[in-house]
Amino acid sequence: MGNTSMFDSYKLPSGVTLKNRILMAPMTTYSSEKNGDISDDELIYYARRAKSGIGAVITACAYAEPLGAGFEYSIGAESDDRIPSLKKLANAIKDNGAKAILQIFHAGRQSNSKVLNGEQPVSASAVAAPRDNAEVPREMTAEEIEKTIASFKEATRRAIEAGFDGVEIHGANTYLIHQFFSPHSNRRTDKWGGSLEKRMTFPLAIVEAVQTAAKQYSTEPFIIGYRFSPEEYQDPGFTMEDSLELVHVLSEKNLDYIHVSLGHFFDSSNRDENDTTPRIKLIQEAIGDKVPVMGVGTLETREDVEKALEVTPLVAIGRALVTDPEWFSKLEKGEDDTIFPAVYVSKKEELDIPDPLWDKIMQVKGWFKVAD
């Protein structure tokens, strides 16, 4: 991308200008209220990181309908009852200088009956996820699929009414939209499954529904992004070739960005160890002239970000902003050597990390670097 600086502004296709190239990546906080309202601790957490000077905050995923919840204590966008709470979240981010983007999703078979209050999870087909103790989902009826598509339109309307600057459609990380695209989870023979083209039908219908809501309800430019995972390791599973077909179609849909979900920004194939080309480079080369591409994944230092920006025009930062809320402002001031390289237990009160997220960080070894 030439001599692009992380501090350069960037105008999205919708006309919205980000003040720089850095967005906060969407990360689950496990910290909302039981009913899906935002907790006070979450508001503090997001406000603190928005205040650091980053261009935008993409929130943790918000479920678009009740059966879409993937975790307990997650954000809800499934009812108009959530609008006052969502408005608090949008304001906490925007009042501190960043654009506010609500990530909307449906967990599909990645949920479970405990999270869903006794209800069976749903998916494209009645095929369990390839993980321990995964519940077999119920195959969605054609009517349920249409209602789910409509729920994404309604979630977008709520985001607009709450004052968000945009939404990100979560089509990645094995959740429902991803499940419809995958030949592992989608064994349907109707218009929603079968061929690669038919497996794109549901993701594209969601995009259309969200764009319809933006046109109908927003009076100013509204950001619409799409997040996707580039490859599945299992067989059957979608390949890089399948993904390039999908992003080619998405690149023609007037989106503001395509967000490629990766564990590490420069990850290569998880299906073929001999294929060492970073997935992000393949995607940028395929569609970068049509739609902005955003990468993510273990970017922690100035050098990391500069290398990433040589590939894509936008980058999302996750763990580094949890570890150090002032990560961006320290880079901006040239105070790189003061950035916290780990979650310091001794600094717990300084970091404004909600207790449930803090507990997860302490429990899940290897998720974050932790130090005394």
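**Figure 1. Asp352 in the loop between α12 and α13.** Asp352 is found in the loop that lies between α12 (348-351) and α13 (355-363) of this predicted model. The phi angle of Asp352 is near 50°, a positive value in a residue other than glycine. With a relative accessible area of 27%, Asp352 is partly exposed.

**Figure 2. Asn117 in the loop between β7 and β8.** The loop between β7 and β8 (122-123) holds Asn117. For Asn117, too, phi is positive, near 55°, although the residue is not glycine. Most residues other than glycine have a negative phi. Asn117 counts as exposed, at 66% relative accessibility.

**Figure 3. The cis peptide bond between Asp235 and Pro236.** Asp235 and Pro236 are joined by a cis peptide bond with an omega of about 5°. Most peptide bonds are trans. Pro236 has its place in the loop between β11 and α7.

**Figure 4. Helix α8 and its cover.** The buried residues of helix α8 (residues 279-287) are Arg279, Ile280, Ile283, Gln284 and Ile287. Because these residues cover an arc of only 130° around the axis, they lie on the same side of α8. The cover over the buried residues of α8 includes the strands β11 (223-228), β12 (257-260) and β13 (293-296), together with helix α7 (240-250).

**Figure 5. The stacked pair of Phe71 and Phe105.** A search of the whole structure finds twelve aromatic pairs. One of them is formed by Phe71 and Phe105, which are stacked, with 6.3 Å from centre to centre and 10° between the planes. Phe71 lies in the loop between β5 (62-63) and β6 (75-76) and Phe105 in strand β7 (residues 99-105), so the pair ties together parts that are 34 residues apart in sequence. Phe71 is buried, with a relative accessible area of 17%, and Phe105 is likewise buried, at 0% relative accessibility.

**Figure 6. The edge-to-face pair of Trp192 and Phe202.** The rings of Trp192 and Phe202 form an edge-to-face pair, 6.3 Å from centre to centre and with 75° between the planes. Trp192 lies in the loop between α4 (176-181) and α5 (196-199), and Phe202 belongs to helix α6 (residues 201-217); the two residues are ten residues apart. Both Trp192 and Phe202 are buried.

**Figure 7. An aromatic cluster and charges over rings.** Ring pairs link Tyr30, Phe71, Phe105 and Tyr175 into a cluster. Lys360 lies over the face of Tyr30, at 4.7 Å from the ring centre. In another such arrangement, the charged end of Lys330 sits over the ring of Phe340, 4.0 Å from the centre of that ring.

**Figure 8. Thr141 and Val122.** Thr141 is found in the loop between β9 (138-139) and α3 (142-162). At 40% relative accessibility, Thr141 counts as partly exposed. Between Thr141 and Val122 there are 9.6 Å in space, C-alpha to C-alpha, and the two are 19 residues apart in sequence.

**Figure 9. The whole protein as context for the close-up views.** The secondary structure of the protein comes to 13 helices and 16 strands. Its C-alpha atoms fill a box of roughly 55 × 45 × 45 Å along the principal axes. Buried residues make up 57% of the 372 residues. Among contacts between residues at least 6 apart in sequence, 69% join residues at least 24 apart. The accessible surface comes to about 15200 Å², and 45% of this surface belongs to carbon and sulfur atoms.

Technical notes: Residues are numbered from 1 along each chain as its sequence is written. This is a predicted model: local features need pLDDT of at least 70, side-chain atom pairs count only at pLDDT 80 or more; totals for chains, interfaces and linings use all residues. Side-chain values use heavy atoms; hydrogens and water are left out. Buried means under 20% relative accessible area, exposed over 50%, partly exposed in between (1.4 Å probe, protein chains only). Helices (H or I, at least four residues) and strands (E, at least two) are DSSP runs, numbered from the N terminus. The arc is that of the directions from the helix axis to the C-beta atoms. Contact means heavy atoms within 4.5 Å. Rings of Phe, Tyr and Trp (its six-membered ring) pair if their centres lie within 6.5 Å; planes under 30 degrees apart count as stacked, over 60 as edge-to-face and the rest as tilted. A charge sits over a ring if NZ of Lys or CZ of Arg is within 6 Å of the ring centre and within 35 degrees of the ring normal. Accessible areas come from the Shrake-Rupley method with a 1.4 Å probe; for residues, only the protein chains shown count as cover.
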